[in-house]
Amino acid sequence: MADQSPKPETFELNNGTIQVLLTNLGCTIISLSVPGKDGVLSDVVLGLDSVESYQKGLAPYFGCIVGRVANRIKDGKFTLDGVQYTLPVNKPPNSLHGGNVGFDKKVWEVVEHKKGETPSITFKYHSHDGEEGYPGDITVTATYTLTSSTTLRLDMEGVPKDKATIINLAQHTYWNLAGHNSGNILDHSIQLWANHVTPVDENTVPTGEIKPVKGTPFDFTSEKRIGDTINQVGMGYDHNYVLDCGEEKAGLKHVAKVRDPSSSRVLNLWTSAPGVQFYTANYVNGVHGKGGAVYGKHAGLCLETQGFPNAINQPNFPSVAVRPGQKYQHTMLFEFSLE
C-alpha cells in the first residue's frame, strides 16, 4: 500500500486581530502575533524559521503539543492493571514528554481548516499500541480556534480503542509578551491561581508531597515580578502548580495572568486540567530562532496545563489513566488584553 502519511505543512488562523501560524508537525504554534499598547503587532511566542528546523529537532519543544504523556515519568517505568511498562529514558534517569519520538515529532493529519470570523483548525493523530512503550491504541485530536478577536482556544481529546492507557497532553508554547526576540521574561509579572506546588527530587520528579506555597519563593498567589524570586529556586522555575483557587468560567479554571510592562500586553490562561507546569526556559541556551533571534536562558515562559507529572506512579495525584468507553479531554483558553 502506498504511504499515505501526511506531509508537514504550515497553516494560518487570522481573525484580523490575532494571527497564528501553525504546522501539523506536532500541532506546533510557530508564531502568534497580537497587538501591543501602540496597536503594533508583535509575535509573542518563541519559534524557529522553518518547518525543516523543527524536523531537525532544533527546538526544545517550542510551541508543540507533547504526549502521549507530558512531563516526567520516574525511571521510565509504570504499572497499569498489573502490567509493568518500560519507556525510553530520553531525559535520564526519566522518560520525558512521551519518549524519543513523542507526539511533538509526529506529523498529524489535518481534518478540518475553517476560515471566517472564528477560524479553526483540527489535527488528528492515531497512536498505536506499544508506541514508545505505551499500551493501547488511542486517537487524539487537537483543535485550535480563534473564538473571539482576542482569544485562542485549544481543545484536546483522546479516545482509547480497546485497552487502558495513560495520557496527559500539554501545549508547550514559550511566551514572551514583549515580543519573541525582546530578551528575557524577568520583568514580566505573573499571578498563579495555585496555593500549592508539587515539590521535586534532584531529578525534577515530584516527591508526592503537595506543599503550600505561602511564605516561599513559589508563591504567586498575588501578582509578582518573575525576576524578583527566580534566583531563589535554583536554575529557575520548572514546577507543577496545583490549580486549587481560581474562579471558574464556562467550566474552566483561571490558571494565570501574565503581564508585560513594556508592551502592556496581558495573557490570561484558563484550563480544565488540574495542574500547570510553570517553566522559565532554564535550559534554553543560544537557540537560533526565527528572524535571526537568538534565544538565551529565560527567553520565554511556559504555562503547560497538565495532569501532575509522574501521576501514574503517585496514587495521591489525579489519575491520568483512561479506559475504553472513556474520553480524555483538555481545554485551554488564552485571552489577550492590554493593561
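This is a predicted model: local features need pLDDT of at least 70, side-chain atom pairs count only at pLDDT 80 or more; totals for chains, interfaces and linings use all residues.
1. Annotated residues. The UniProt record, an unreviewed entry, places the annotation "active site" on H172 and E304. The two positions are spread over 133 residues of sequence, yet they cluster in space, with a largest C-alpha distance of 5.8 Å. Their side chains are joined by a polar contact of 3.4 Å.

2. Surroundings of H172. This residue sits in the loop between β15 (170–171) and β16. H172 has a relative accessible area of 3% and is buried. A polar atom of the H172 side chain is also 3.4 Å from the backbone oxygen of Y61. Beyond four places in sequence, the contacts of H172 include P60, F62, G63, C64, H97 and C302.

3. Surroundings of E304. Strand β28 (residues 301–306) carries E304. Its relative accessibility is 2%, which is under the 20% cut-off, so E304 counts as buried. With sequence neighbours up to four places away set aside, E304 is in contact with H97, A170, Q171, H172, G275, V276, Q277 and Y279.

4. The open sheet. Strand β28 belongs to an open sheet of six strands, ordered β16-β28-β25-β21-β18-β19 and paired antiparallel. The edges are β16 (174–175) and β19 (211–212); each has a single partner strand, so one side of each lacks a neighbour in the sheet. At the β19 end, β18 (residues 196–198) is joined to β19 by two bridges, and the two strands run antiparallel. In this pairing H196 stands opposite P212.

5. A hairpin. Strands β10 (residues 109–114) and β11 (residues 120–127) are antiparallel and share five bridges. E112 has T122 in β11 as its bridge partner. Five residues separate the two strands of this hairpin, and in the turn G116 has a positive phi of about 105°.

6. N268. This residue lies in strand β24 (residues 265–271). A relative accessibility of 14% puts N268 in the buried class. Its side chain makes a polar contact of 2.8 Å with that of H254. Leaving out residues within four places in sequence, N268 also contacts A256, K257, L333, F334 and E335. The C-alpha atom of I190, 78 residues away along the chain, is 9.8 Å from that of N268.

7. T165. Strand β14 (residues 165–166) contains T165, which counts as buried at 0% relative accessibility. A polar atom of its side chain is 2.7 Å from the backbone oxygen of P135. Apart from residues up to four places away in sequence, T165 touches R68, L80, P135, I138, V320, A321 and V322.

8. Nonpolar cores. The largest nonpolar core has 58 residues, and the members touching the most others are L32, Y144, W175, I190, Y241, F278 and L303. Strand β12 (residues 138–148) makes the greatest contribution to this core, with five residues. Another core, of 16 residues, lies apart from it and includes V51, V287, A293 and A299. In soluble globular proteins, nonpolar side chains tend to be buried together.

Conventions:
Residues are numbered from 1 along each chain as its sequence is written. Side-chain values use heavy atoms; hydrogens and water are left out. A nonpolar core is a set of buried Ala, Val, Leu, Ile, Met, Phe, Trp, Tyr and Cys residues joined through side-chain atoms within 4.5 Å. Buried means under 20% relative accessible area, exposed over 50%, partly exposed in between (1.4 Å probe, protein chains only). Helices (H or I, at least four residues) and strands (E, at least two) are DSSP runs, numbered from the N terminus. Two strands pair if DSSP finds at least two bridges between them. Contact means heavy atoms within 4.5 Å. A polar contact is a pair of N or O atoms within 3.5 Å; within protein, one must be able to donate a hydrogen and the other to accept it, and residues adjacent in sequence count only if both atoms are side-chain atoms. UniProt positions are given in the numbering used here, feature names are shortened, and annotations may be inferred rather than shown by experiment.
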